[in-house]
Amino acid sequence: MTIDTMLDAVIRREGPYSQLAADRGGATMWGVTQSTLSAWLKRAATVDEVKRLTPQAAKAIYRALYYERPRIDMLPDPLDDQVFDFGVNSGPHTAIGALQEVLGLTPDGAIGPITIGACVAADMEGRLPAIGNCLAVWRILMLDRIVRRDPSQLVFLQGWH
């Protein structure tokens with residue numbers, strides 16, 4: 001899957017502006033939170049700026065901060081899409097650390113030669129579908145733990161799953 005296809009899918013899933021009381025991210029547009037927009041702009045973003053965020057600008061943020069910077073592009077298909085989507089929702093560091101755990105590596109949340117090598121080996125051995133399934137289970141269990149710790153997040157669980 002291409003990054004453009006992945007970006008289009010994220011924009012569709014995340015949807016337009018929302019600001020729900022239970023959402024720890026606060027004001028979001030296309031899934032980009034006010035704090036993420038602030039980091040992107042290198043200054044405090046206003047709620048009005050979040051509301052005016054275009055899909056094209058959101059895609060640029062996702063491409064740079066959630067795909068290129070964490071080196072998701074170095075992962076084989078379909079792990080790249082899965083880790084990218086996981087990273088959009090939970091942060092790239094968390095998503096990459098989960099992948100590393102599933103691969104049997106010591107998680108550091110960064111894609112480097114060891115993680116890439118383990119992915120290549122898994123691909124050559126035909127284990128990518130199993131790795132993807134394990135990563136999906138890891139993510140579901142993590143999200144369920146979040147809801148158990150904070151029941152106010154239950155409203156988001158179905159969408160997260």
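Colleague: What does the secondary structure of the protein chain come to?

Modeller: This is a predicted model, in which local features need pLDDT of at least 70 and side-chain atom pairs count only at pLDDT 80 or more, while totals for chains, interfaces and linings use all residues. Residues are numbered from 1 along each chain as its sequence is written, and side-chain values use heavy atoms, with hydrogens and water left out. Helices (DSSP runs of H or I, at least four residues) and strands (E, at least two) are numbered from the N terminus. From that end the elements run α-β-β-α-α-α-α-α-α-α-α, which comes to nine helices and two strands.

Colleague: What is the radius of gyration of the protein chain?

Modeller: The radius is taken over C-alpha atoms, and the globule rule is 2.2 Å times the number of residues to the power 0.38. For 161 residues that rule gives 15 Å, and the chain is close to it, so it is as compact as a globular protein of that length, with a radius of gyration of 16 Å.

Colleague: At what angle do the axes of helix 5 and helix 6 cross?

Modeller: Axes are lines fitted to C-alpha atoms, for helices over the stretch in contact (heavy atoms within 4.5 Å), and angles run from 0 to 180 degrees between N-to-C directions. The axes of helix 5 (residues 79-90) and helix 6 (residues 92-102) come within 7 Å and cross at roughly 135°.
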